[in-house]
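Please consult the sequence and the structure shown below.

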Amino acid sequence: MDLLLTSAGLRNETLKDALRDMLGKPFGSANVVYVPTASMAESGDHGWLLADMTRVHGLGWREADILELNGLPPRLVLDRLERADVIYVGGGNHYHLARSITGNGLADGIRDALADRVYVGLSAGSMIHSRHLTTHSADVLGDSADLRVLGATTVTPPFGLVDSYLKPHLYSPDFPERDDAWADRIVARADFPIHFIDDDTALRVRGDKVDVVSEGRWRFHP
């Protein structure tokens with residue numbers, strides 16, 4: 001299992017090099033599938049999504065696919081994922097993404113696919129791997145509105161592969177409230193471990209080994 005869980009995608013050479021190392025071959029010899037599902041629950045301008053898709057495509061893959069998780073037969077979705085060497089899951093509403101995976105019966109199939117593929121997450125795509133993705137953590141982190149907008153009151157972690165909760169966009173100009181004081185308030189009421197990472201940082205998971213890859217700043221609170 002190889003996971004590269006970023007805050008804002010492959011924004012610097014250190015993160016790109018980490019992906020190359022995990023992949024074990026040039027991007028030009030590999031297939032990537034981009035999953036934009038989380039963004040479908042976000043309103044407003046989606047220029048950020050187009051910019052990230054362009055950034056990923058620009059790495060020069062042998063084949064670049066785009067796959068929405070909803071509305072297709074589960075077997076077709078899994079076949080498309082299994083065709084890829086890299087499964088890249090973008091940002092947006094992480095509760096919509098998690099519920100799309102569990103609601104469509106995809107969790108076991110995706111988990112099996114991750115045994116011999118590299119997974120890259122951006123924001124929501126990274127957050128769904130925590131076993132602490134629950135209504136309780138939504139209350140602690142102040143994310144309950146993102147769950148309520150879906151008309152939902154519950155969420156189940158689709159994978160539970162990472163023990164800590166990953167909270168992205170620390171110090172980001174796009175989220176100016178996410179400073180040290182904001183993180184401190186969350187830590188004061190949290191009863192689970194949290195990684196706060198900025199947009200130049202990723203959590204790297206290789207089997208049972210977890211470390212941080214970064215050109216920026218991050219905080220960990222066990």
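Two strands are said to pair if DSSP finds at least two bridges between them. In this predicted model, strand β1 (residues 2-6) and strand β5 (residues 118-122) meet that criterion, pairing in the parallel sense over 5 bridges. Within this part of the model, L4 stands opposite V120 in β5.

**The sheet**
- The sheet is open and consists of 7 strands, in the order β3-β2-β4-β5-β1-β8-β9.
- Its edges are formed by β3 (63-66) and β9 (209-214), each of which pairs on one side only.
- On average, neighbouring strands of this sheet are turned by 20° against each other, direction ignored.
- The pairing across the sheet is mixed.
- In general, strands of a sheet pair through backbone hydrogen bonds, in either a parallel or an antiparallel manner.

**The helix across the sheet**
- Helix α2 (residues 47-57) lies across β2 (31-35), β3, β4 (86-89) and β5.
- Relative to β2, helix α2 runs at about 175°.

**Residue T201**
- T201 is located in strand β8 (residues 201-206).
- T201 counts as buried because its relative accessibility is 0%, and the cut-off for that class is under 20%.
- The side chain of T201 makes a polar contact, at 2.6 Å, with the side chain of S214.
- Leaving aside neighbours within four places in sequence, the residues in contact with T201 include L5, T6, S7 and L15.
- Also among the contacts of T201, on that basis, are V212, V213, S214, G216, R217 and W218.

Key: Residues numbered from 1 in each chain as written. Predicted model: local features only at pLDDT ≥ 70, side-chain atom pairs only at ≥ 80, totals over all residues. Heavy atoms only, no water. Helix = DSSP H or I, 4+ residues; strand = E, 2+ residues; numbered from the N terminus. Axes fitted to C-alpha atoms, helices over the stretch in contact; angles between N-to-C directions. Contact = heavy atoms within 4.5 Å. Buried < 20%, exposed > 50% of the residue type's maximum accessible area, 1.4 Å probe, protein only. Polar contact = N/O pair within 3.5 Å; in protein donor to acceptor, adjacent residues only side chain to side chain.
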